[in-house]
Amino acid sequence: MNNNIILYCRSGFEKECAAEITDKATQIGVYGYAKVKDNSGYVLFECYQATDADRLAKEIPFATLIFARQLVVVSNLLKDLPSNDRISPIVTVLQGVIERAGELRVEVPDTNESKELLKFCRKFTVPLRHALRQQKILLLKENHQRPVIHIFFIAAGCCYVGYSYAKNNSPFFMGIPRLKLPADAPSRSTLKLEEAFHLFIPYDEWEERLASGMKAVDLGACPGGWTYQLVKRSMMVDAVDNGPMAESLMQTGQVRHYRIDGFKFTPHTKNITWLVCDVVEKPAKVAALITDWLLKGWCREAIFNLKLPMKKRYQEVSHILHKISLTLIENGINAQIQAKQLYHDREEITVHVRRIWSASIPERD
Ligand SMILES: C[S@@+](CC[C@H](N)C(=O)[O-])C[C@H]1O[C@@H](n2cnc3c(N)ncnc32)[C@H](O)[C@@H]1O
């Protein structure tokens, strides 16, 4: 296996993804260079040292990557696969590199051009899976503890072959969670908050952390896509926005609508668990607002969007996240911070902050 990794990302964000992997690889002493093709939907990072690609897959916590949807250790590009036998060259690459893998994913970049290719991938998966099982490269039964084999087609007859580690990858095909828009949701952006829950909250903690009866505040709530997610989980929501909320949500009796500025709103109740915020504003301003809520102990967890700046997006975003972290630490608050450009995000990223403990008892108004 060669010394490269492929990172899947949103088409148009290859530069951000490249800046991020270069930075995070350097932080653990891995050096290399990123090859970027605009709007390709992926980045190739070539490591200078042998075995470093595998180190990246093991040592960079996947959850810390903002712009990458998936991280795969790969071979050199296989080109011109013969149409009468595409399987043998792939098997040859994998032999001796990986054995008893738990899953096979035949994938493509998330671009319009790749849509046709994806149809081929779906058909090709069946015979390839069979061949890999025969060679004991792939287990007979899916196993979510074992490495995942990725075949990443970038054109017809042309693919990267590689693997990711099940404990440090995206569990989703192409790194994209497939979510269905609920018919009664007031807006498409409901899927953003749902995706954020899937990504940031482990399933076995949903019952405890997204529990019925919890109190939540939604800043910039209208028409109510995010509030819908909270209401669906039987929470009581204070929705703050000058605009109109969907009548269906108001009728549930679980929502109070405040037509005021989210930056001036102060909570009316204690014990708010969730603060969510989808206000379109300068990212530094939104970050300062959320930090303030956490410092005052007004909420336990927050999910919010940061609109991406025009330039140096990765650097700017890192700077903002670092500032949130620093301010919380300086004030004796231990917090977990995660950030991702979700599949449903466009020119933005979504951030999750969870207060784990606070050194001092927050003052209440
Ligand atoms: C992207 S939309 C929110 C969509 C919502 N999350 C949903 O799922 O339906 C942004 C909202 O923020 C509101 N907004 C903008 N500035 C605000 C502010 N300072 N305070 C409160 N709401 C604000 C806008 O009125 C708009 O409804």
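## A walk through a predicted model

Asp54 is buried, with a relative accessible area of 18%. Here, buried means under 20% relative accessible area, exposed means over 50%, and partly exposed lies in between (1.4 Å probe, protein chains only). This is a predicted model, in which local features need pLDDT of at least 70 and side-chain atom pairs count only at pLDDT 80 or more, while totals for chains, interfaces and linings use all residues. Residues are numbered from 1 along each chain as its sequence is written, and side-chain values use heavy atoms, leaving out hydrogens and water.

### Charged partners

Let us stay with Asp54, which forms a salt bridge with Lys58 (a side-chain nitrogen of Lys or Arg within 4 Å of a carboxyl oxygen of Asp or Glu). Both residues belong to helix α2, and because they are four residues apart, about one helical turn separates them. Helices (H or I, at least four residues) and strands (E, at least two) are DSSP runs, numbered from the N terminus.

Arg55 is partly exposed at 27%, and Glu59 is partly exposed at 40%.

| Salt bridge | Closest N and O atoms |
|---|---|
| Asp54 and Lys58 | 3.0 Å |
| Arg55 and Glu59 | 3.2 Å |

How many salt bridges does the count come to? The count is 20 salt bridges. Some residues are linked in a network of salt bridges: Glu205, Arg209, Glu301 and Arg354.

### An open sheet

Next, look for the open sheet of seven strands, whose order is β10-β9-β8-β11-β12-β14-β13, with mixed pairing. Strands β10 (255–258) and β13 (333–340) are at the edges and each has a single partner strand, so one side of each is left without a neighbour in the sheet. On average, and ignoring direction, neighbouring strands of this sheet are turned by 15° against each other; the axes are lines fitted to C-alpha atoms, and angles run from 0 to 180 degrees between N-to-C directions.

Two strands count as paired if DSSP finds at least two bridges between them. Strands β8 (residues 215–219) and β9 (residues 236–240) run parallel and are joined by five bridges. Within this pairing, Asp218 has Ala239 in β9 as its bridge partner. Strand β11 (residues 272–277) also pairs with β12 in the parallel sense, over four bridges, and Val276 stands opposite Ile303 in β12.

Why is strand β12 (residues 301–307) largely enclosed by the rest of the structure? Seven of its seven residues are buried, so β12 is largely enclosed. Glu301, Ile303, Asn305 and Lys307 cover one side, while Ala302, Phe304 and Leu306 are on the other, and all are buried. Leu306 can also be related to Glu347: their C-alpha atoms are separated by 8.8 Å, although the two are 41 residues apart along the chain. Glu347 sits in the loop between β13 and β14 (348–358) and is partly exposed at 44%.

Most residues other than glycine have a negative phi, and most peptide bonds are trans. Thr51 has a positive phi, near 70°. Thr51 is in the loop between β3 (42–47) and α2 (52–59) and is exposed at 59% relative accessibility. Met174 has a positive phi as well, about 60°. This residue lies in the loop between β7 (158–164) and α5 (190–200), and at 6% Met174 counts as buried. In the loop between β8 and α7 (225–232) you can find Pro223. The peptide bond from Cys222 to Pro223 is cis, with omega near 5°.

### Cysteines

A disulfide is a covalent bond between the sulfur atoms of two cysteines. With a cut-off of 2.5 Å between the two sulfur atoms, the count comes to zero disulfides. For Cys17, the nearest cysteine sulfur is that of Cys9, 4.4 Å away. Cys17 is buried, at 2% relative accessibility. For Cys299, the nearest cysteine sulfur is that of Cys277, 11 Å away. Cys299 is buried too, at 1%.
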